[in-house]
Amino acid sequence: KGASPGAAPLAPPSNAPLPRSTHVRPTGPPTTSEAVVAGPDRVVFRVSQRIGETEFAPSASLEAALLKAAREATSISIRGRTDSASVDDIETRIALSRALRAREFLVSHGADANKIRLWYRAAGGFIADNSTAQGRAMNRRVEIEARGLPSTASAPLASDVSEAPNP
């Protein structure tokens, strides 16, 4: 099986250091959105980000549910995404940096680093129509999937967070 174009496990695209923030000036609306999707033994947390932003700062309600899930999960996948239609060095760095910042957040709040796998995708993998501003805003995101949760844990985690703007 071949890998999807632009999808990669954790591996820096070059020897250059990763920026704390990117060279792209953030633009767009001052808020991001958050969503939680629960399955029988997993929950996916989605945090959209402004253009060029890589810092991970969830709302208080999402943070509480995310950290609870991270503690209870047997494995965690973090996926950094962009809204780009094509892969280039800048978009690759942004996607990777988004995943790394989310990992740093989880580990700094007590999540077990050994349970975490990182992925990033500089282009594609859209969840919304990328031809609209609203769709692109949803596609610029970090997804954190907590798996191996007790069957009673995932639904309450999703109900703890409503899909709402994150100031």
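**Salt bridges and an aromatic pair**

Asp83 has its place in strand 4, which covers residues 75-84; helices (H or I, at least four residues) and strands (E, at least two) are DSSP runs numbered from the N terminus. The model is predicted, so local features need pLDDT of at least 70 and side-chain atom pairs count only at pLDDT 80 or more, while totals for chains, interfaces and linings use all residues. Residues are numbered from 1 along each chain as its sequence is written, and side-chain values use heavy atoms, with hydrogens and water left out.

At 16% relative accessibility, Asp83 counts as buried; the term means under 20% relative accessible area, with exposed over 50% and partly exposed in between (1.4 Å probe, protein chains only). Not counting residues up to four places away in sequence, Asp83 touches Phe126, Asn130, Arg136, Asn139 and Arg140, where contact means heavy atoms within 4.5 Å. With Arg140 there is also a side-chain polar contact of 2.7 Å. A polar contact is a pair of N or O atoms within 3.5 Å; within protein, one must be able to donate a hydrogen and the other to accept it, and residues adjacent in sequence count only if both atoms are side-chain atoms.

Side chains of opposite charge can pair when their charged atoms come close. A search of the whole structure finds 12 salt bridges, each a side-chain nitrogen of Lys or Arg within 4 Å of a carboxyl oxygen of Asp or Glu. One of them joins Glu145 and Arg79, at 3.0 Å from N to O. Glu145 lies in strand 6 (residues 141-147) and Arg79 in strand 4, so this pair ties together parts that are 66 residues apart in sequence. Glu145 is buried, with a relative accessible area of 10%, and Arg79 is buried at 17%.

Because Glu143 lies in strand 6 and Arg81 in strand 4, the parts tied together are 62 residues apart in sequence. Both Glu143 and Arg81 are buried.

Asp83 and Arg140 form a salt bridge as well, at 2.7 Å from N to O. Since Arg140 lies in the loop between helix 3 (133-139) and strand 6, and Asp83 in strand 4, the pair ties together parts that are 57 residues apart in sequence. Both of these residues, Asp83 and Arg140, are buried. Elsewhere, salt bridges that share partners join Arg42, Arg46, Arg79, Arg81, Arg141, Glu143 and Glu145 into one network.

Arg42, a member of that network, is found in strand 3 and counts as partly exposed, at 31% relative accessibility. Its side chain makes a polar contact of 3.4 Å with that of Glu145. The C-alpha atoms of Arg42 and Pro150 are separated by 8.5 Å, although the two residues are 108 residues apart along the chain.

Turning to the rings, the whole structure holds one aromatic pair. Rings of Phe, Tyr and Trp (its six-membered ring) pair if their centres lie within 6.5 Å; planes under 30 degrees apart count as stacked, over 60 as edge-to-face and the rest as tilted. Phe56 and Phe105 have ring centres 5.2 Å apart and planes at 65°, so the pair is edge-to-face. Phe56 lies in the loop between strand 3 (42-48) and helix 1 (60-72) and Phe105 in helix 2 (residues 89-108), so parts 49 residues apart in sequence are tied together. Both Phe56 and Phe105 are buried.
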